[in-house]
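Please open the structure in your viewer and keep the sequence panel beside it.

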Amino acid sequence: MLLLIQYTLIFASVLTLVALGGCYSEHSGVINLGLEGIMVMGALGGALAMRYLPIGIPAFFYILLVIFFAVLVGVAYSALLAVAAINFKADQTIVGTALNMLGTAAATVIVKAINTATNPNDVSSIIQYIEPKKKFILKLGSFEFNWFMLITIIILACAWFVLYKTKFGLRLMACGEHPQAADSVGINVLKMRWAGVMISGALGGLGGICYILAGVSEWRFEYGVAGFGFLALAVMIFGQWKPTKIALAALMFGFFRALSNTYFGFGFLTNLGLPSTFYNMLPYIISIIVLALTSKNSKAPKAEGIPYDKGQR
Amino acid sequence: MSKEKENIFKRPGVQSFISSLVCIILGLLIAFIVLLIINPAGAFGSIMNVIKNFFWFKNPASRLKYFGETLAKTVPLLMCALAVLFSYKVGLFNIGTPGQYCAGICAALYASLTWHWGWFPCLLFAMVAGALLASIVGVLKAYLNVNEVISGIMLNWICLYFTNATLTPVKNPTGKDTLTIASVNKGGIIPSLGLDKIFNDKYVTIAIPVAILVAVAIWIILEKTKFGYELRATGLNKNAAKYCGMMEKRNIIVTLVISGALAGMGAGCYYLTDFEQWAVTSSTVPAMGFNGIAATFLGGLNPIGTIFSSYFITHITAGGAFVDLTKYSSQITDLISALIIYLCGFVLFLKSFMNSIIRKRELKKSGQYENFKQDGRKN
């Protein structure tokens with residue numbers, strides 16, 4: 001039971017972080033389908049930091065540094081989306097898809113290159129982080145508290161405050177609803193959209209490192225992040241692009257995802273005799289059902305996905 | 001004379017070709033730089049091996065054999081690319097293609113290995129499976145306004161787990177792959193009609209000419225029939241199509257059903273040759289569907305162009321096996337195709353850039369350039 005709660009919370013943290021990233025990007029008017037790739041790159045940045053940082057650094061600074069590198073790589077990678085989608089008016093769906101494929105391919109190539117350089121016989125794409133992982137976890141009895149849970153709550157509060165209570169947040173949302181109107185009152189739409197995509201890159205990168213630290217202590221980069229970027233988008237849609245509702249939606253999705261890791265611990269669930277495959281599918285099935293129920297009255301930002309063209313009315 | 005030349009560059013087909021070429025060259029160049037960074041010593045040789053693929057062999061007979069195998073591998077990619085293309089023309093981005101391809105594999109192999117069906121019913125069954133899966137996306141999109149990209153991705157994962165579970169009973173007891181069709185059901189293999197003799201490779205079957213015929217058929221349907229026109233009209237403006245009396249909801253569903261059937265057929269055409277078996281421990285959907293997206297855009301969104309772009313992508317993917325594996329990883333070719341898709345995002349910009357150069361030149365020639373510049377300033 002405790003394990004289920006632990007996994008629910010950690011997966012919900014990942015989904016909240018990434019969905020908030022998507023939320024910022026879409027409020028500025030850019031659909032970020034590349035979140036999956038951004039997560040992989042963020043995870044790569046963090047994992048490499050864990051590999052090379054000396055283990056002696058105090059835990060607090062260690063965590064900060066790992067997060068810093070994950071965010072840095074995430075932001076840099078999201079710039080690829082920003083430049084194509086905002087400045088060159090490219091199709092956001094294509095570029096997002098390209099980023100997803102590029103993320104996994106590039107991460108695999110990079111990790112393999114590093115592994116092979118250190119040991120010519122090692123052609124795997126695995127990075128291990130057994131010792132560093134311990135720094136992220138605080139044991140409370142048998143419950144493993146992960147610092148990312150706290151970080152997520154802080155970021156959630158910040159995200160809500162910035163979006164609704166600051167000039168920047170309101171301007172950002174204006175750019176996603178009606179960019180021409182925003183431009184007419186002197187808001188630089190392109191700059192705002194860049195800001196939106198960069199924030200989503202930062203949060204996506206953070207979510208990526210959080211995801212690979214969730215359960216295991218090594219990561220094989222060929223696998224990417226198993227559709228979590230897209231689950232996060234489903235969470236965002238279900239949360240109607242609002243931070244608080246996103247967090248609740250993430251808890252629900254996190255619960256179903258956690259169930260597939262821990263269902264065998266529950267007597268009544270194993271007694272049902274359902275194959276384990278069913279529990280693996282569950283989060284995805286639930287997300288389709290949820291989308292079917294909520295997409296009709298979409299609260300999506302009106303101008304999302306449309307490149308901003310000054311000449312258009 | 002020079003006017004004639006300018007007209008050539010104005011033609012959309014030529015512009016698409018140039019854009020695709022630019023994407024390929026830039027993609028290869030960036031990959032080359034990546035190889036240089038990893039290890040400068042063998043970078044040039046490795047990138048050349050990727051481009052050469054089967055020309056790497058000295059012996060003409062081996063070359064022919066591996067050319068045949070590259071063609072056989074092109075078939076599923078071409079079908080997936082056509083699936084993506086068909087839906088994209090109707091304004092739908094069918095990223096569920098990998099899942100539909102996976103459903104096709106599941107249906108074809110299960111029917112062949114457990115029920116011992118002939119190859120043709122197996123192929124039809126694969127098409128039905130792909131179409132059924134895609135129809136879910138279509139119904140959700142048409143009636144409930146669910147974003148087809150997200151529902152497509154979710155169904156990809158669902159289908160992957162389903163396929164693994166379904167094919168586990170027919171797997172080889174000693175390994176993780178499914179049984180070969182030849183060992184259980186000899187009639188389940190797609191016939192070659194002598195093509196295997198020409199290439200001296202048993203995997204070269206009639207699937208290759210069939211796939212090319214399908215590409216031509218798709219081109220005819222989209223460009224030359226009323227049905228295709230209606231579909232494209234729905235893609236350009238859903239509301240206008242509805243206003244003209246077209247059934248836009250039906251069109252969306254029909255499009256995805258056809259698209260899914262194409263992906264399923266691709267799976268059947270490949271797995272029913274026994275070329276490859278399904279590993280029931282697979283943890284990702286087959287890359288074929290995603291590479292299909294690359295082939296679609298590289299082919300300039302034209303079914304005929306897609307034949308060549310699919311071949312090109314298969315060619316370099318197969319060539320990835322010839323990089324110096326002690327220094328680099330074969331995923332470098334995944335990197336190239338991902339880069340190509342990314343660069344294809346810039347095609348629209350590239351085309352408008354070409355057009356603006358042509359226009360400027362024409363205006364300069366007719367002496368109206370000054371007026372044009374002034375007009376531009378006024379706006």
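This is a predicted model: local features need pLDDT of at least 70, side-chain atom pairs count only at pLDDT 80 or more; totals for chains, interfaces and linings use all residues.

Residues are numbered from 1 along each chain as its sequence is written, and chains are lettered from A and ligands numbered from 1 in the order in which they are written.

Helices here are DSSP runs of H or I, at least four residues, numbered from the N terminus. Confidence in chain A is lowest in H12 (residues 267-271), with a mean of 74, and highest in H9 (residues 189-212), at 94.

Next, select the interface, where 40 residues of chain A are in contact with 41 residues of chain B (contact means C-beta atoms, placed from the backbone, within 7 Å). On the chain A side, H4 (92-118), H10 (228-238) and H13 (276-294) each supply at least two residues, and H4(A) gives the largest share, 14 residues.

Now select H13(A) together with H7 of chain B (residues 148-167), whose axes, lines fitted to C-alpha atoms over the stretch in contact, come within 9 Å and cross at roughly 155 degrees, on a scale from 0 to 180 degrees between N-to-C directions. The two helices are therefore roughly antiparallel, a term for angles over 145 degrees. Among the residues that meet here are A:Tyr284 and A:Ile288 in H13(A), and B:Trp157 and B:Phe162 in H7(B).

Conventions. Two residues are in contact if their C-beta atoms, placed from the backbone, lie within 7 Å. Angles under 35 degrees count as roughly parallel, over 145 as roughly antiparallel, 65 to 115 as roughly perpendicular and the rest as oblique. pLDDT is the predictor's confidence in each residue, from 0 to 100.
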